[in-house]
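Here is a short briefing on one model. Look over the chains first, then read the points below.

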Amino acid sequence: MPALPARLSRVSESTLLRHLVLALAGMVVIVLVLESTSAFRNGQLTAMAYLGIAAGGLTVLTGLNGQLSLGHGAFMAIGAYTTALFLQDTEPALPVVGVLVVATLVTLLVGAVVGVAAARLHGPYLAGATLALAVAVPGIAVYFTDTLGGEQGLNVLLPEIPDWFADAVFFLTANDMTTTRYVAYIGWIALVLTFVLLANLSRSRVGRTWRAVRDDEVAAEIAGINLARARVLAFVVSTACAGLAGGVMALAVRITAPSGFMLTLSLTLLTAVVLGGLGSLLGALIGAALLTFLPQVATGFGADLGLSDVQSAELAPLAYGLVMMLVILLAPAGIVGSVRGWWARRGTSA
Amino acid sequence: MQQFLTTALTGLTLGMVYAAFALALVLIWRSTRIVNFAQAPMAMITTYVALVVIDAGYSYWIGFAVALVAGLVLGAVVERVVVRPVEGKSEINAVILTLGLFIVIHALAAVIFGSRYRSFPAPFGLRGFQVGDLNLAITGFGIFTIVAVLVVMALLVALFRLTDLGLMMRASAFNAEVARLLGVKVGRMLTLGWALAALVGSLAGLLIAGGSLVHPSYMDSVVVYGFVAAVLGGLDSPAGAVVGGLLLGVSLSFVSGYVGSELVALAALVILMLVLLLRPGGLFSHAAERRV
Amino acid sequence: MLQVQDLTTSYGPVKALDGVSFEAPRGKITAVLGANGAGKTTLLRTVSGLIRPARGAAYLEGADLTRTPAEAMPGLGLSHVPEGRGVITELTVEENLRLGGLARADRSRPADLERVYTLFPVLSDRRRALAHVLSGGERQMLVIGRALMATPKVLLLDEPSLGLAPRIVAQIFDLLRGLVESDGLTVVLVEQNARSALSIADFGVVLNLGRLIVHDDAATLAADEKLRHAYLGF
């Protein structure tokens with residue numbers, strides 16, 4: 001069997017192929033995990049999926065292109081509200097996948113408009129402008145109460161699970177499909193597709209262009225890169241991810257209300273990106289996992305300390321806010337970056 | 001007429017507060033090239049400190065003074081402990097750091113003081129004056145707000161223009177290396193600058209809170225308005241921040257009064273984008289182009 | 001007065017300054033000469049505490065400067081006028097000057113200000129103007145005047161002639177010579193313009209690629225044709 005290592009190395013040479021293999025392996029793990037865990041865990045995993053999608057998009061923007069957005073919660077809101085508007089009846093005009101695609105496209109269009117403006121801004125100016133966006137967007141939903149449901153928000157009616165999907169999963173796992181699990185599948189399939197696309201994009205010429213712009217604008221411009229175009233494209237890709245994430249979030253939460261898209265959400269996403277390490281998709285996923293599962297641990301810890309539920313619920317943001325600051329102060333490369341750096345140093349010294 | 005007058009006067013009062021908050025942001029930006037987004041929760045938590053003092057039975061004024069001192073100390077500590085390591089380094093890291101601080105102070109306030117709305121007292125009346133048929137919307141507390149901000153601004157101008165300390169602070173902000181070579185302890189000046197800025201921010205927090213409700217997020221939108229006001233005036237100019245704050249306060253008051261209070265933040269966003277795209281150096285800049 | 005001993009400064013793996021030793025005697029002008037990248041500016045920045053040396057030290061009347069932070073230098077009697085003028089353009093002329101006097105323990109008196117204005121009448125006419133509006137020559141006068149406000153024992157000057165018309169350079173150098181004679185000021189003058197510098201200096205130090213090539217009387221250096229061709233470019 002001398003061929004196996006050789007074949008493996010050939011696989012790793014083709015980026016797309018390698019990513020597809022990884023994606024397939026990921027899907028197998030996802031099916032196993034979703035089928036063997038409770039409805040509650042399935043729900044949490046869905047949250048991890050949509051946070052992961054949005055964080056993945058933000059990682060591309062911040063890590064690869066060096067732009068900062070504090071407004072991705074607003075783009076999630078746009079995706080979520082679009083989804084909710086399509087899912088007001090039991091007989092929706094589009095299947096769920098179609099709705100998510102439309103939600104992504106609508107957000108992408110808004111993202112393009114914002115991106116054109118944002119491409120001219122730098123550092124703190126961009127941060128301030130996107131911060132304003134995050135604060136402004138929930139107000140729009142309140143202002144147009146008739147169509148967008150005001151403070152109460154819009155309910156999302158989940159269409160029937162397609163028979164073919166339920167059958168296929170039953171065939172594979174011998175488990176009956178539940179709605180929670182169905183949404184979890186949608187979330188994770190969306191995540192895997194998004195990550196494959198993002199991973200390929202970041203390895204492609206486009207990704208190299210983005211990194212070049214991030215590392216040295218002047219050099220990139222001299223090399224013939226259109227700075228504005230590279231920035232807008234990164235912004236658009238990133239907002240499209242946020243739109244898709246918002247769509248999945250609407251399906252999972254079954255309600256879209258302004259209170260779900262306050263500044264906290266945008267800052268939370270940034271936390272996920274920073275925790276994982278700017279620029280790494282795996283890091284974004286780890287960050288999303290921390291955001292999803294840490295609150296429960298922290299709340300339990302708070303209860304042990306004798307804090308009230310409301311107080312305990314704040315321990316999680318306290319923890320990741322602190323970790324975020326520590327990461328910047330001590331390990332600016334984030335968790336994944338630091339481990340990689342440690343690994344590389346170990347490798348060279350060995 | 002009644003509504004117009006009311007809206008304009010409310011805008012003026014609000015504008016004073018935005019001006020103060022913008023000034024706090026500008027002071028820090030000028031000296032360390034960092035926009036301190038954590039200014040909002042820093043002001044929020046010092047207002048809670050005032051509330052604790054007042055609830056303990058002390059007068060409003062003692063609470064007010066304690067909060068300002070708390071702001072001063074908090075600003076100094078934040079600069080020394082948190083911000084010092086990233087000064088002059090990657091601007092993205094500085095922004096992320098202030099946002100981390102934002103989240104931490106927010107969560108801390110919620111853990112310590114709870115997340116519910118609490119009412120904050122005002123030392124002066126909250127009813128308007130009656131002049132003939134017109135009910136002037138300017139309240140006793142509104143006048144206090146305007147006077148308090150003006151006094152603080154006058155003190156700052158005096159400090160910066162008339163004293164040696166102010167001169168050293170300005171020198172440190174404009175050219176740290178030359179200031180060091182001239183014997184100025186630049187690190188101390190930066191700490192002092194952050195402390196003063198936090199004090200001004202705390203003042204804005206107290207003035208927003210007066211006669212109203214406080215909760216951990218009550219300053220979040222103010223940091224956006226303060227930033228927009230500061231950019232309007234050109235992030236480097238204290239005088240510009242004040243004018244920008246007043247302009248923004250009046251504009252937003254009209255949006256709130258005639259269009260809808262829900263769209264105030266959106267209006268601020270639109271104003272910000274227009275300024276950044278058309279006059280990136282601020283409304284009063286003579287410089288043709290500046291990278292923003 | 002100012003002793004430099006075995007001073008070595010590295011930027012990463014590159015040694016910008018490599019074991020340089022010399023002494024600048026009291027009441028004299030010592031010119032530090034050499035081509036671009038010879039280490040002249042690094043020498044001044046290391047002496048005044050802006051950069052930490054890898055090895056060696058600099059002493060002012062016995063006090064080790066390399067263990068002292070830059071902001072303490074004016075208090076010890078050392079003023080460093082950095083390259084590129086170092087005028088704070090956002091401040092007025094008078095504010096720049098006042099700033100120079102703040103480091104002194106006794107704080108500067110109005111008399112010091114008047115003395116600088118007498119030395120540089122141009123500045124006196126523009127006290128209230130922002131330093132931004134000054135010409136290159138005026139800026140150079142302002143930074144020298146500002147350094148004098150601290151009543152230094154040693155003045156480090158980095159490329160004062162840079163970008164100035166020869167007439168202005170001559171004017172400034174004459175004034176410097178005058179200060180040395182009248183106040184007993186010690187000057188370390190970094191210059192690329194070796195010919196002018198040697199014309200007013202008492203001693204000269206020639207650096208090349210971070211190493212000290214020669215340290216001698218200014219007149220001797222100016223007369224050494226080989227040296228002039230090899231390192232001084234005239």
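The model is predicted.

**Chain C overall**

- Chain C has a radius of gyration of 17 Å, which agrees with the value near 17 Å for a compact globule of 234 residues.
- Its C-alpha atoms fill a box of roughly 45 × 40 × 30 Å along the principal axes.
- Of the 234 residues in chain C, 48% are buried.
- Take the contacts in chain C between residues at least 6 apart in sequence: 68% of them join residues at least 24 apart.

**The sheet of chain C**

- Six strands of chain C make an open sheet with mixed pairing, and their order is β6-β7-β8-β3-β9-β10.
- The edges are β6 (78–81) and β10 (211–217) of chain C, each of which pairs on one side only.
- On average, neighbouring strands in this sheet are turned by 15 degrees against each other, direction ignored.
- Within the sheet, β7 (residues 154–158) and β8 (residues 186–191) of chain C run parallel and are joined by five bridges.
- C:Val154 stands opposite C:Thr186 of β8(C).
- Helix α10 (residues 225–232) of chain C lies across β3 (29–33), β9 (203–208) and β10 of chain C. The helix runs at about 50 degrees to β9(C).

**Which chains touch**

- Two pairs of chains touch, and the most contacts are between chains A and B.
- Chain A and chain C do not touch. Their nearest C-alpha atoms are 19 Å apart.

**Chain A against chain B**

- This contact takes 39 residues from chain A and 43 residues from chain B.
- On the chain A side, the elements that give two or more residues are α6 (123–143), α13 (263–276), α15 (309–313) and α16 (315–330) of chain A.
- The most comes from α6(A), with 15 residues.
- By class, the side of chain A that touches chain B has 29 nonpolar, eight polar and two charged residues.

**Chain C against chain B**

- Here 19 residues of chain C are in contact with 15 residues of chain B.
- Both α2 (73–76) and α3 (93–101) of chain C supply at least two residues to the side of chain C that touches chain B.
- α3(C) gives the most to that side, with four residues.
- The chain C side divides into ten nonpolar, five polar and four charged residues.

**The largest nonpolar core**

- In soluble globular proteins, nonpolar side chains tend to be buried together.
- The largest nonpolar core in this model has 296 residues. Those with the most contacts inside the core are A:Ala132, B:Val228 and B:Ala268.
- Helix α8 (residues 186–209) of chain B gives the largest share of this core, 17 residues.
- Which residues is B:Ala268 in contact with, leaving aside its neighbours within four places in sequence? From chain A they are A:Ala132 and A:Ala136. From chain B they are B:Val224, B:Tyr225, B:Val228, B:Leu248 and B:Leu252.

**Loop residue C:Thr68**

- C:Thr68 sits in the loop between β5 (63–64) and α2 of chain C.
- C:Thr68 is partly exposed, because 17 other C-beta atoms lie within 10 Å, and a residue needs 20 or more to be buried.
- Leaving aside neighbours within four places in sequence, C:Thr68 is in contact with C:Gly49, C:Met73 and C:Leu76.
- C:Thr68 and C:Ser48 are 20 residues apart in sequence. In space they are 8.4 Å apart, C-alpha to C-alpha.

**Loop residues with positive phi**

- C:Glu61 has phi near 50 degrees, a positive value in a residue other than glycine.
- The place of C:Glu61 is the loop between β4 (55–60) and β5 of chain C.
- C:Glu61 counts as partly exposed, with 13 C-beta neighbours inside 10 Å.
- C:Thr151 has phi near 40 degrees, a positive value in a residue other than glycine.
- The loop between α6 (136–149) and β7 of chain C holds C:Thr151.
- Is C:Thr151 buried or partly exposed? C:Thr151 counts as partly exposed, with 19 C-beta neighbours inside 10 Å.

Terms used: Residues are numbered from 1 along each chain as its sequence is written. Chains are lettered from A and ligands numbered from 1 in the order in which they are written. This is a predicted model: local features need pLDDT of at least 70, side-chain atom pairs count only at pLDDT 80 or more; totals for chains, interfaces and linings use all residues. Two strands pair if DSSP finds at least two bridges between them. Axes are lines fitted to C-alpha atoms, for helices over the stretch in contact, and angles run from 0 to 180 degrees between N-to-C directions. Two residues are in contact if their C-beta atoms, placed from the backbone, lie within 7 Å. Ala, Val, Leu, Ile, Met, Phe, Trp, Tyr, Cys and Pro count as nonpolar, Asp, Glu, Lys and Arg as charged, and the others, Gly among them, as polar. The radius of gyration is taken over C-alpha atoms; the globule rule is 2.2 Å times the number of residues to the power 0.38. A residue is buried if 20 or more other C-beta atoms lie within 10 Å of its own, exposed if 12 or fewer, and partly exposed in between; C-beta atoms are placed from the backbone. A nonpolar core is a set of buried Ala, Val, Leu, Ile, Met, Phe, Trp, Tyr and Cys residues joined through C-beta atoms within 7 Å.
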